[in-house]
Amino acid sequence: MNLAEQIKHDIETTPIILYMKGTKEQPQCGFSNAVVQVLNSYGVEFKDVNIFEDPEIRVRLSEYSNWPTIPQLFVSGELIGGADIVVDLHNKGEMSTVLERALVTPSQ
Amino acid sequence: MDMTPHESPDINSTASILQDRITDALTPAVLQIVDDSHLHKDHLQGPKLLEAQGGGHFTATIVSAEFDGLPLVQRHRLVYAAVGDLMGGKVHALSMKTLTPAEWEQS
């Protein structure tokens, strides 16, 4: 599997996956940190991918998602958005509905 | 709510180019662009040198009828498309609030 296929596979099979700068234990950007904090506040399991591990991740990811910036949060294979959208959904009380999709969609 | 622009950047500034591109693409009823690059100076140090080639950080509030009926992801994609190659170039991060005129009235 090449990197582009790997990214597509991970997004399609991981209930909640966050592409971010740094790790969820040690975010290296305020926007990535904001998304981690929101997800942690719901106590949900999620996979983090540090885009600094390989510069090509960012390129292939953006080609796949048609989204130019990091972080990018996917739930059940769908792009939810970056930090602005995640924080906005959280503040509007809509985030739990979004995250529930991860629970009802079977992963392969 | 004050609808006048937050500031009048000089015409060659990145904020000004952002303003032009978003205006052309989305004919916004309200458009406020704030350059908050100064809040992110830490990006230029240590491991964050990776970020150093990047440009400024901006926050945009955009009110446009083009957003009617669109989910947030699609709204942001419209803005990213308008901004084009500035992303990853002169613009490192663009934080945005995307509202329809009706949502703006209620805010």
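From the N terminus on, the elements of chain B follow the order α-β-β-α-β-α, which amounts to three helices and three strands. Helices (H or I, at least four residues) and strands (E, at least two) are DSSP runs numbered from the N terminus. The model is a predicted one: local features need pLDDT of at least 70, side-chain atom pairs count only at pLDDT 80 or more, and totals for chains, interfaces and linings use all residues. Residues are numbered from 1 along each chain as its sequence is written, while chains are lettered from A and ligands numbered from 1 in the order in which they are written.

**Chain B: burial and contacts**

- Of the 107 residues in chain B, 27% are buried. A residue is buried if 20 or more other C-beta atoms lie within 10 Å of its own, exposed if 12 or fewer, and partly exposed in between, with C-beta atoms placed from the backbone.
- Among the contacts in chain B with a separation of 6 or more, 67% involve residues 24 or more positions apart. Two residues are in contact if their C-beta atoms, placed from the backbone, lie within 7 Å.

**Chain B: sheet**

- The three strands of chain B form an open sheet in the order 1-2-3, with mixed pairing. Two strands pair if DSSP finds at least two bridges between them.
- Strand 1 (30–35) and strand 3 (91–99) of chain B each have a single partner strand and stand at the edges, so one side of each is left without a neighbour in the sheet.
- Neighbouring strands of this sheet are turned by 15° against each other on average, direction ignored. Axes are lines fitted to C-alpha atoms, for helices over the stretch in contact, and angles run from 0 to 180 degrees between N-to-C directions.
- Six bridges connect strand 1 of chain B with strand 2 (residues 56–63) of chain B in the antiparallel sense. B:Val34 stands opposite B:Thr59 of strand 2 of chain B.

**Chain B: helix packing**

- Helix 2 (residues 72–83) of chain B lies across strand 2 and strand 3 of chain B, and runs at about 135° to strand 3 of chain B.
- Helix 1 (residues 14–26) of chain B and helix 2 of chain B cross at roughly 120°, and their axes come within 8 Å. These two helices of chain B are therefore oblique to each other. Angles under 35 degrees count as roughly parallel, over 145 as roughly antiparallel, 65 to 115 as roughly perpendicular and the rest as oblique.
- The crossing of helix 1 and helix 2 of chain B is right-handed. A crossing is left-handed if the near helix is turned anticlockwise from the far one by less than a right angle, and right-handed if clockwise.
- On helix 1 of chain B, B:Leu18, B:Arg21, B:Ile22, B:Ala25 and B:Leu26 meet B:Leu78, B:Val79, B:Ala82 and B:Val83 of helix 2 of chain B. The residues of this contact comprise eight nonpolar, no polar and one charged. Ala, Val, Leu, Ile, Met, Phe, Trp, Tyr, Cys and Pro count as nonpolar, Asp, Glu, Lys and Arg as charged, and the others, Gly among them, as polar.

**Chain A: sheet**

- Chain A has an open sheet of four strands in the order 2-1-3-4, with mixed pairing. Strand 2 (47–50) and strand 4 (78–81) of chain A are the edge strands, each pairing on one side only.
- Strand 1 (residues 16–20) and strand 2 of chain A run parallel and are joined by four bridges. A:Tyr19 has A:Val49 of strand 2 of chain A as its bridge partner.
- Strand 3 (residues 72–75) and strand 4 of chain A run antiparallel and are joined by three bridges. A:Leu73 stands opposite A:Gly81 of strand 4 of chain A.
- The hairpin of strand 3 and strand 4 of chain A has two residues between the strands, and A:Ser76 takes a positive phi near 50° there.

**Chain A: helix packing**

- Helix 2 (residues 30–41) and helix 4 (residues 83–91) of chain A pack at an angle of about 30°, with their axes 9 Å apart. Helix 2 and helix 4 of chain A are therefore roughly parallel to each other, and they pass in a left-handed crossing.
- Helix 2 of chain A contributes A:Phe31, A:Ala34, A:Val35 and A:Val38 to the contact, and helix 4 of chain A contributes A:Ala83, A:Val86, A:Val87 and A:His90. These residues divide into seven nonpolar, one polar and no charged.

**Interface of chains A and B**

- Eleven residues of chain A are in contact with 13 residues of chain B.
- Strand 4 and helix 4 of chain A each supply at least two residues of the side of chain A that touches chain B; the largest share, three residues, comes from helix 4 of chain A.
- This side of chain A consists of five nonpolar, four polar and two charged residues.
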